[in-house]
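Student: I would like to go through this model and ask what the terms rest on.
Tutor: Here it is.

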Amino acid sequence: MKLLSCRETTRLVSQGLDRELDRGERVALRVHFLYCLGCRRASRQMAFLRRAVRMLPEPREESS
Amino acid sequence: MASQDDFRKQIEALRPYLLRFASLQLRDAAAAEDAVQEALVAALAGETSFAGRANLRTWLTGILKHKIVDTIRRQSREPTVAAEADEEGAEIDELFTERGHWAERPAAWGDPDDALEQSQFFRALEMCLERLPVRTARVFMMREHLGAETDEICKELDLTPTHCWVLLYRARMTLRECLQQTWFAK
């Protein structure tokens, strides 16, 4: 199995928020996370970003 | 000269049609815009060659087709990996070494959810969002704020899924870095 760089890892983590990763991709991520604290943090922080943005004020609606 | 102005106006009126045509072919709004621009410049330069032909739209579409083929050729010559890295932009390049390791390891954010209790945090977040390039921000907000699916966004903005993912990745990484500097490091 190919080992991911941190750049590839963060790219996949981001895509994982937008599409379903395949089995190979998920395994490659898990392996990378085992030894990379930076990517574990970045991954948690991207998920946090999603929660934070969802809490921003609602976009103005056309009606009401 | 009045007739030249007329010619220009007629050509401009066809721009939306040409853009749609180019977007369908290229599936990339920026590339489509460029191809149409090149075609219009070529058309205006070659006005005389139009003289006597029946249909302006057909003539322009013909020129545009050549430009589209040029674009596709140009794109297919570029190696995909380089193009992808390139598209991710300088902000992303700066975060990593050439071999793809972190240039600087992301710092811990403690319990970031504490920030969600503070209105000042949301001001920092909005400031970071404002710094994103327009199209990157639009894709990101459609995805994360409106909760749209990636394929809806692609269709709406005429982007390939890959391009969408690149923009979303760039947005997340840039925002992460911006929040690190403007909020979590303080």
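**Contacts, packing and burial**

Tutor: In this predicted model, 25 residues of chain B are in contact with 25 residues of chain A.

Student: Which elements give two or more residues to the side of chain B that touches chain A?

Tutor: Helix H8 (119–130), helix H9 (134–144) and helix H11 (161–184) of chain B do. H11(B) gives the most, with seven residues. By type, that side of chain B divides into 15 nonpolar, four polar and six charged residues.

Student: Why are H1(A) and H3(A) called roughly parallel?

Tutor: Helix H1 (residues 6–16) and helix H3 (residues 37–54) of chain A pack at an angle of about 25°. Angles under 35 degrees count as roughly parallel, so H1(A) and H3(A) are roughly parallel to each other. Their axes are 10 Å apart, and the crossing of H1(A) and H3(A) is right-handed.

Student: Which residues make the contact of H1(A) with H3(A)?

Tutor: H1(A) brings A:Cys6, A:Thr9, A:Thr10, A:Val13 and A:Ser14, while H3(A) brings A:Gly38, A:Cys39, A:Ala42, A:Ser43 and A:Met46. Five of the residues in this contact are nonpolar, five are polar and none is charged.

Student: How do you know whether B:Leu60 is buried or exposed?

Tutor: B:Leu60 has 23 C-beta neighbours inside 10 Å. A residue is buried with 20 or more, so B:Leu60 counts as buried.

Student: Where is B:Leu60 placed, and what is B:Leu60 in contact with, leaving aside its neighbours within four places in sequence?

Tutor: B:Leu60 sits in helix H5 (residues 56–77) of chain B. Beyond those sequence neighbours, B:Leu60 is in contact with B:Ile11, B:Leu14, B:Leu18, B:Ala39 and B:Ala43. B:Ile11 is 49 residues from B:Leu60 along the chain, and their C-alpha atoms are separated by 8.1 Å.

Notes. Residues are numbered from 1 along each chain as its sequence is written. Chains are lettered from A and ligands numbered from 1 in the order in which they are written. This is a predicted model: local features need pLDDT of at least 70, side-chain atom pairs count only at pLDDT 80 or more; totals for chains, interfaces and linings use all residues. Axes are lines fitted to C-alpha atoms, for helices over the stretch in contact, and angles run from 0 to 180 degrees between N-to-C directions. Helices (H or I, at least four residues) and strands (E, at least two) are DSSP runs, numbered from the N terminus. Angles under 35 degrees count as roughly parallel, over 145 as roughly antiparallel, 65 to 115 as roughly perpendicular and the rest as oblique. A crossing is left-handed if the near helix is turned anticlockwise from the far one by less than a right angle, and right-handed if clockwise. Two residues are in contact if their C-beta atoms, placed from the backbone, lie within 7 Å. Ala, Val, Leu, Ile, Met, Phe, Trp, Tyr, Cys and Pro count as nonpolar, Asp, Glu, Lys and Arg as charged, and the others, Gly among them, as polar. A residue is buried if 20 or more other C-beta atoms lie within 10 Å of its own, exposed if 12 or fewer, and partly exposed in between; C-beta atoms are placed from the backbone.
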